[in-house]
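Colleague: I have opened the file beside me and would like to go through it with you. Shall we start with the strands and move on from there?

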Amino acid sequence: MADRQSTSASSAQPIRPSPSPSRRRLQKYRSIKDIIDNPDVVRQDYNDTVCDQCGSGDRDHQLLLCDKCDKAYHMLCLRPIVVRVPIGPWYCPACSDHPPPLKKISGFTQTKIFDFFKIKKCTASSVKRISPQDSSRRRRRTGAIVHHKRRRRLLPYTPSEDTKIRLEQMRSLASALTYLSMEFSDDLTYSFDMAPRGANLAMFEDGGMQVLSKEDTKTLEYCRAMLKRGECPPLLVVYDSCEGYTVEADGPIKDMTLITEYTGDVDFIKNREHDDCDSMMTLLLASNPSKSLVICPDKRGNIARFINGINNFTPEAKKKQNLKCVRYSVYGECRVLLVATRDIAKGERLYYDYNGYEHEYPTHHFV
């Protein structure tokens, strides 16, 4: 299993806050609790602090102070909710450069969608719709039949047949990526100022990494080929006022279906220790910690960026999990795949467990 790193938090570009006449701030503190616990702070300046949303001053350990207007908000009163105190500067929805989106970004015509996703145009006659499972069934058996224990293989996703429906699915993803100023990428990317491709070797994994079978590798390549010609997974990116961006099935999905690969920029974990990116994913856990890698979908990524996690602390929330996140060695490189763990109905939202190895992600605030 893989781990989701960091936390969700509403934040914007750093802005120098203007001094407030009603309150004195000696330095940036993480929460009201940190302020009260600090003996150097004049406590009466913050004794009357209440949440601007609900009007209560209770649960002071969950109150965040805006670095611009100095108003306070409970993490669970914010929309979307904030699951952990941000590492750097934080701004309330009114002061943030990125207020919650109210509707999809307009202007995504079919031509622009094709350009956005770099879809290769091809005629219907040139498209071979033969899945790896179909081709394996057509092979003739030779020699004696040997019975082996049946292994569950990955299934390729089944795209919607209607072109208009697929365009709407791609439009929803393009709108979400554009809103976050992200580029679409369906592969891992390597930048000169981050980790080189040579660092992403499965042989560095502490304890070894499971190898994706030949049949499942063909399924992965088949799904990539479908996406390149505009046959995307039957998924919609929607905006929820509480959860933020999230993903729901736009058609039935079978158990063990390969949903997508987790993509983005590859970097060393040591370079991201104080990063507030809300979607970093563990890629490689090396025996030498300095060689461990994460996927960072803050500039480039795909629909995996918007799939949310479950609350690990409540039985009801755990029942919502319908995906698993698994790391594989593919041609000697580390890859992260999201796979369905049961049949998923149309309209059902997609969730997986952010904590694969260690319970470090604070999911107790998740809905």
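Predicted model: local features only at pLDDT ≥ 70, side-chain atom pairs only at ≥ 80, totals over all residues.

Colleague: Understood. How many bridges do S14 and S15 share, and in which sense do they pair?

Modeller: There are 8 bridges between S14 and S15, and the pairing is antiparallel. The two strands form a hairpin with 2 residues between them, where Tyr331 takes a positive phi near 55°.

Colleague: How many bridges join S8 to S15, and do they run parallel or antiparallel?

Modeller: S8 and S15 (residues 333-340) are joined by 3 bridges and run antiparallel. Besides the pair already mentioned, Glu261 stands opposite Leu337 in S15.

Colleague: And what about S4 and S8, parallel or antiparallel?

Modeller: Those two run parallel, with 2 bridges joining S4 (residues 155-156) to S8. Leu155 stands opposite Thr257, and Pro156 is placed opposite Leu258.

Colleague: What is the strand order of the sheet, then?

Modeller: The order is S4-S8-S15-S14, in an open sheet of 4 strands with mixed pairing. S4 and S14 (323-330) stand at the edges with a single partner strand each, so one side of each has no neighbour in the sheet.

Colleague: Are the residues of S15 buried or exposed?

Modeller: They are buried, 8 of the 8, so S15 is largely enclosed by the rest of the structure. In a regular strand, side chains alternate between the two faces of the sheet. Both faces of S15 are covered: Glu333, Arg335, Leu337 and Val339 are buried on one side, and Cys334, Val336, Leu338 and Ala340 on the other.

Colleague: Why is S8 regarded as largely enclosed?

Modeller: S8 (residues 257-261) is described that way because 5 of its 5 residues are buried.

Colleague: Changing topic: how many cavities of 30 Å³ or more does the structure hold?

Modeller: It holds 1. The space in the largest cavity is about 240 Å³. Its lining comprises 20 residues, and the closest to its centre are Asp186, Leu227, Pro233, Ile259 and Thr260.

Colleague: Which elements give two or more residues to that lining?

Modeller: They are helix H4 (163-179), helix H5 (214-228) and S8. By class, the lining has 14 nonpolar, 3 polar and 3 charged residues.

Colleague: I also marked Asn200. Where is its place?

Modeller: Asn200 lies in the loop between strand S5 (183-184) and H5. With a relative accessible area of 0%, Asn200 is buried, since the cut-off for that class is under 20%.

Colleague: Which backbone nitrogen lies 3.2 Å from a polar atom of its side chain?

Modeller: The backbone nitrogen of Cys334 lies at that distance from the side chain of Asn200. Leaving aside neighbours within four places in sequence, Asn200 is in contact with Leu188, Tyr190, Leu283, Leu293, Gly332, Glu333 and Cys334.

Colleague: One more residue, Ile344. Where is it placed?

Modeller: Ile344 is in the loop between S15 and strand S16 (351-352). Its relative accessible area is 2%, so Ile344 counts as buried.

Colleague: Finally, the protein as a whole: how many helices and strands does it have?

Modeller: It has 6 helices and 16 strands. Of its 367 residues, 50% count as buried. Among contacts with a separation of 6 or more, residues 24 or more positions apart account for 74%.

Conventions:
Residues numbered from 1 in each chain as written. Heavy atoms only, no water. Buried < 20%, exposed > 50% of the residue type's maximum accessible area, 1.4 Å probe, protein only. Pairing = 2+ DSSP bridges. 1 Å grid on protein atoms, 1.4 Å probe; cavity = no way out; pocket = protein on both sides within 12 Å on 5 of 7 lines; lining within 4 Å. Points joined across faces, edges and corners; volume = space filled by probe spheres on them. Nonpolar A, V, L, I, M, F, W, Y, C, P; charged D, E, K, R; others polar. Polar contact = N/O pair within 3.5 Å; in protein donor to acceptor, adjacent residues only side chain to side chain. Contact = heavy atoms within 4.5 Å.
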